[in-house]
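Here are my notes on this one, written as numbered points. Have a look at the model first, then read on.

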Amino acid sequence: MPFVQTNGINFYYAERGPSSAEPLLLIMGITAPGGVWEPHASYWQNDFRCIIGDNRGVGQSDKPAGPYSTEQMADDYAGLLDALQLENVRVVGCSMGSTIAQQLAIRHPKKVRSLVLMCPWARCDNAAKAIFQHMTHCKARFRPEEFSLYIQQLIYSKASWDNEQTAADLEAGRNQAAIDPFPQPLHGLEGQAAACIAHNALAELPSLTQPALIIGGKEDIFTPVWMANEVAGAIPNSDLFLYEKAGHIFHFEQLEDFNPRVKNWLLAH
């Protein structure tokens with residue numbers, strides 16, 4: 001499986017779709033390896049060359065001591081694109097991935113053609129900072145399946161918890177967390193959380209010229225709606241769409257609508 005040397009680390013990535021298709025860079029969020037993109041990449045690969053990385057601090061990429069920054073993590077991806085000899089790519093970033101995508105567009109504008117920013121934020125308020133701090137405290141003290149439950153509580157909406165099949169699937173996911181072959185170490189999460197807390201691109205977002213789709217769920221308690229509204233208000237050429245009765249993981253809760261909606265927007269931008 002492919003690795004590249006970028007920004008001082010060994011960086012793991014995978015590809016889905018034909019190499020001749022237009023590239024689509026997918027950047028996942030805190031705690032999550034790139035493999036979480038599978039239900040989306042398996043759909044988007046029909047139209048794009050999907051490039052999926054493991055962020056520093058998780059998965060099979062290096063996990064150096066932190067703190068990390070979103071600027072640093074954006075430079076990781078800039079190095080990946082350089083290694084693949086790619087510029088002017090479409091970028092989809094989820095949660096922390098959206099903050100990395102923002103910095104990639106700010107710091108390396110020629111590398112970014114358009115942006116889909118999922119459940120994004122331009123800056124953290126004190127409540128958001130406390131959530132990331134609490135996340136690291138839980139990671140330090142909980143068994144993997146207990147930590148998985150805490151994350152699930154942050155990201156799934158009430159509608160998902162009320163669905164018996166979904167609730168059973170979430171329990172199975174917690175059990176799987178206990179046997180993860182590439183568990184995220186505490187210092188990896190701490191490094192990522194520090195990047196999330198310190199991210200503040202609000203002053204730079206108005207300078208972006210790339211089109212952006214800001215998309216999220218109205219019942220997101222992790223990155224609330226005000227954050228998406230603030231990002232959409234700061235980026236001049238942006239569209240905003242928020243799902244009803246969906247949380248932070250709206251892209252799974254509304255999978256059948258989300259995949260074609262994002263595909264169609266990307267094909268138009």
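1. W121 and F132 are both buried, where buried means under 20% relative accessible area, exposed over 50% and partly exposed in between (1.4 Å probe, protein chains only). Keep in mind that this is a predicted model, where local features need pLDDT of at least 70, side-chain atom pairs count only at pLDDT 80 or more, and totals for chains, interfaces and linings use all residues. Residues are numbered from 1 along each chain as its sequence is written, and side-chain values use heavy atoms, with hydrogens and water left out.

2. What do the rings do across the whole structure? A search turns up 9 aromatic pairs. The pairing rule takes rings of Phe, Tyr and Trp (its six-membered ring) with centres within 6.5 Å; planes under 30 degrees apart are called stacked, over 60 edge-to-face, and the rest tilted. The W121 and F132 pair is tilted, because the ring centres are 5.6 Å apart and the planes sit at 45 degrees. W121 is in the loop between strand 6 (112-118) and helix 4 (126-141) while F132 is in helix 4, so this pair ties together parts that are 11 residues apart in sequence. Helices (H or I, at least four residues) and strands (E, at least two) are DSSP runs, numbered from the N terminus.

3. F132 also forms a tilted aromatic pair with F222, at 5.5 Å centre to centre and 55 degrees between the planes. F222 belongs to the loop between strand 7 (212-217) and helix 9 (225-234), and F132 to helix 4, so here the parts tied together are 90 residues apart in sequence. Relative accessible area is 2% for F132, which is buried, and F222 counts as buried too at 5%.

4. There's also an aromatic cluster made of W37, W44, F241, Y243, F250 and F258. One of its members, F241, has R261 over its face at 3.8 Å from the ring centre. R56 lies over the face of Y68, at 5.6 Å from the ring centre. For a charge to sit over a ring, NZ of Lys or CZ of Arg must be within 6 Å of the ring centre and within 35 degrees of the ring normal.

5. On to the strands. Strand 1 (residues 3-6) and strand 2 (residues 9-16) run antiparallel and are joined by 4 bridges; strands pair if DSSP finds at least two bridges between them. V4 stands opposite F11 in strand 2. Strand 2 also pairs with strand 4 (residues 48-53), in the antiparallel sense and over 4 bridges, with I52 in strand 4 as the bridge partner of A14.

6. Which backbone spots would I check? Most residues other than glycine have a negative phi, and most peptide bonds are trans. N7 has a positive phi of about 55 degrees and sits in the turn of the strand 1 and strand 2 hairpin, which has 2 residues between the strands. N7 is partly exposed, with a relative accessible area of 40%. S95 isn't a glycine either, yet its phi is positive at about 55 degrees. S95 is in the loop between strand 5 (89-94) and helix 3 (96-107) and counts as buried at 4% relative accessibility.

7. The peptide bond from G66 to P67 is cis, with omega near 0 degrees. P67 lies in the loop between strand 4 and helix 2 (70-83).
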